[in-house]
Amino acid sequence: MSNSLEFPWLSALVLLPLLAAFGIPLLPQSRWARWYALAVGALDLGLMVYVFGQRYDLRDFSLQLAERYAWLPQIGFHWSLAVDGLSFPLVLLSGLITTLAIVAAWEVAYKPRLFFFLLLLLYGAQVGVFLAQDLLLFFLMWEIELVPVYLLIAIWGGPQRQYAATKFILYTAAASIFILVGSLTMAFAGEGFSLEMAELGAKSYPLALQILAYTAFLIAFGVKLPIFPLHTWLPDAHSEASAPISMILAGVLLKMGGYGLIRLNVGILSEAHVYFAPVLAVLGAVNIVYGALAALGQNYLKRRLAYSSIAHMGFVLIGIAAFTELGLNGALLQMISHGLIAAVLFFLTGITYERTHTLALDKLGGLAKQMPKAFALFTAGSLASLALPGMSGFVGELTVFLGLITSDAYAPTFKAGIALLAAVGIILTPIYLLSMLRQVFYGAQDPGLVLEDYLGDLRPREMAVALCLLLPILGIGLYPRLATQTYDVTTVAVAAQLRSALPTEIVQRPLLPVQPAQVAALPPTD
């Protein structure tokens with residue numbers, strides 16, 4: 001149990017939105033639901049800033065603010081929470097984006113009580129996923145998060161919302177079963193039964209069991225990230241979800257997949273990671289090229305951005321596979337950066353749809369004159385997405401590249417091949433993003449396009465949401481330590497653990513890289 005004299009700060013971060021959600025049905029008027037949800041979201045975000053600013057030590061790589069309470073001791077289930085450099089920035093990211101999504105959903109008129117109730121449930125579950133240190137609690141929070149997203153798409157989505165929501169729940173719920181499979185595989189191994197991540201990490205597992213558990217987690221997190229070919233639910237979900245839900249989906253939920261891979265696959269199953277890392281690097285390169293090519297072929301704005309997300313998540317996979325501090329740093333920075341960039345682009349896409357009632361690129365055009373503010377902010381978000389120097393996207397992708405190139409776990413030819421494929425995606429990215437801007441904002445306006453003139457350009461509320469996302473993008477791009485200082489010491493520790501799992505031949509001769517096939521052929525060290 002945690003120290004009784006210490007206030008349970010992390011439990012408060014998780015339970016505040018979860019429990020506050022049940023106060024919404026008690027509100028006397030439906031229109032109060034938005035203010036109530038915003039107050040809860042802002043309070044939780046403010047609490048995050050206070051807790052991490054005043055009670056978290058950036059120089060300590062270990063788990064901090066740990067809380068552990070027996071919940072179902074008969075099955076070894078504990079309410080166990082803690083935070084470190086892997087979860088710290090992602091908790092803040094989820095708080096910021098979800099609070100801004102509440103503001104973005106201000107005009108929701110259909111069943112507002114239910115809408116904001118589900119948003120607060122989703123808020124708490126997201127934070128719970130990033131803070132959970134018991135795998136059963138991690139699984140529980142992961143499952144709780146699925147239900148609100150399903151309902152938010154199925155009720156408030158587009159014309160094909162039922163299909164998109166069903167596909168989402170089938171893919172993600174089926175994949176989450178593998179979290180339970182991997183967790184129980186490790187829990188029953190060795191002496192004693194435990195679901196605590198720290199205790200599981202201290203156990204010694206046979207390599208065959210590690211590979212089994214790693215595969216299960218890879219499937220579960222691969223669907224969420226998503227990794228090709230487990231990605232097909234994402235374009236449909238984005239196409240039909242409303243803008244606030246797309247903000248959360250791209251900005252936070254996809255990052256759960258990357259977080260799970262680093263926390264469990266890399267952090268606990270590091271010996272199995274030696275064998276899987278080359279596969280992750282190849283899958284990352286495939287994600288980048290496939291996502292970019294698919295985005296280039298889309299005529300629907302949201303689907304183009306959805307495939308762009310798939311491409312950008314490929315850099316996360318390459319960073320995870322690099323076996324270097326720079327690689328892990330880049331993977332986390334890419335998750336933070338993409339979360340902010342995708343959220344602002346999907347938000348502005350929703351604004352475009354409100355004004356035009358279409359997202360078909362061949363029906364748009366000439367909007368820059370009517371919506372100059374939206375045009376300027378959409379351009380800034382797109383430039384960040386195509387990794388313009390001075391913005392966060394550039395720093396994230398550059399760090400991943402450097403992490404891969406400086407890795408001594410792969411032969412030069414393998415690294416060059418992965419880098420070349422990734423470069424192809426980087427070249428395609430400005431092509432599909434700049435052509436998107438041209439089709440939406442430049443040229444002559446389609447004569448059949450009916451623009452909602454009474455809405456006009458961005459209103460103050462909409463400007464505030466967009467700027468709250470773009471300012472961190474610019475800040476991290478100009479001064480990356482704003483983000484990297486939150487996880488630097490943790491990625492150093494995780495990279496050192498990975499180095500200890502590499503074959504001795506590589507560790508002792510860091511300047512003489514070997515082929516990935518040779519890595520897989522050598523037994524990992526203890």
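Helix H2 (32–54), helix H3 (88–104), H13, helix H18 (460–478) and helix H19 (481–484) each give at least two residues to the lining of the second largest pocket. The helices here are DSSP runs of H or I with at least four residues, numbered from the N terminus. A pocket is an open set of points on a 1 Å grid over the protein atoms alone, with protein on both sides within 12 Å along at least five of seven lines, and a lining residue has an atom within 4 Å of a point. The second largest pocket holds about 440 Å³ of space. Its lining counts 18 residues, and the closest to the centre are Pro89, Leu92, Leu482, Ala483 and Thr486.

Before going on, a word on the model: it is predicted, local features need pLDDT of at least 70, side-chain atom pairs count only at pLDDT 80 or more, and totals for chains, interfaces and linings use all residues. Residues are numbered from 1 along each chain as its sequence is written, and side-chain values use heavy atoms, with hydrogens and water left out.

Now for the largest pocket, with about 770 Å³ of space. Among its 30 lining residues, Trp156, Ser242, Ala243, Tyr353 and Glu354 are the closest to the centre. Two or more lining residues come from each of helix H9 (233–240), helix H10 (243–266) and helix H13 (325–356). H13 gives the most, with five residues.

Volumes are the space filled by probe spheres set on the points, with points joined across faces, edges and corners. The largest cavity is lined by Leu305, Ser308, Ser309, His312, His338, Ile341, Ala342, Leu345, Phe346 and Ser385. Helix H12 (301–320) and H13 each give two or more of these residues, and H13 gives the most, with five.

The lining of the second largest cavity includes His312, His338, Ile341 and Ser385, along with Gln334, Ser337, Ala384, Gly393 and Glu397. At least two of its lining residues come from each of H13, helix H15 (372–385) and H16. Here H13 gives the most, with four residues.

In it, Ala, Val, Leu, Ile, Met, Phe, Trp, Tyr, Cys and Pro count as nonpolar, Asp, Glu, Lys and Arg as charged, and the others, Gly among them, as polar.

| Space | Volume | Lining residues by class |
|---|---|---|
| Largest pocket | about 770 Å³ | 18 nonpolar, seven polar, five charged |
| Second largest pocket | about 440 Å³ | 15 nonpolar, three polar, no charged |
| Largest cavity | about 60 Å³ | five nonpolar, five polar, no charged |
| Second largest cavity | about 40 Å³ | two nonpolar, six polar, one charged |

Is glycine 403 buried or exposed? Glycine 403 is buried (under 20% relative accessible area, whereas exposed is over 50%), because its relative accessible area is 0%. Leaving aside residues up to four places away in sequence, glycine 403 touches Ala322, Thr324, Leu326 and Gly327, where contact means heavy atoms within 4.5 Å. Glutamine 370 is 33 residues from glycine 403 in sequence and 44 Å from it in space, C-alpha to C-alpha.

Definitions and conventions. 1 Å grid on protein atoms, 1.4 Å probe; cavity = no way out; pocket = protein on both sides within 12 Å on 5 of 7 lines; lining within 4 Å. Buried < 20%, exposed > 50% of the residue type's maximum accessible area, 1.4 Å probe, protein only.
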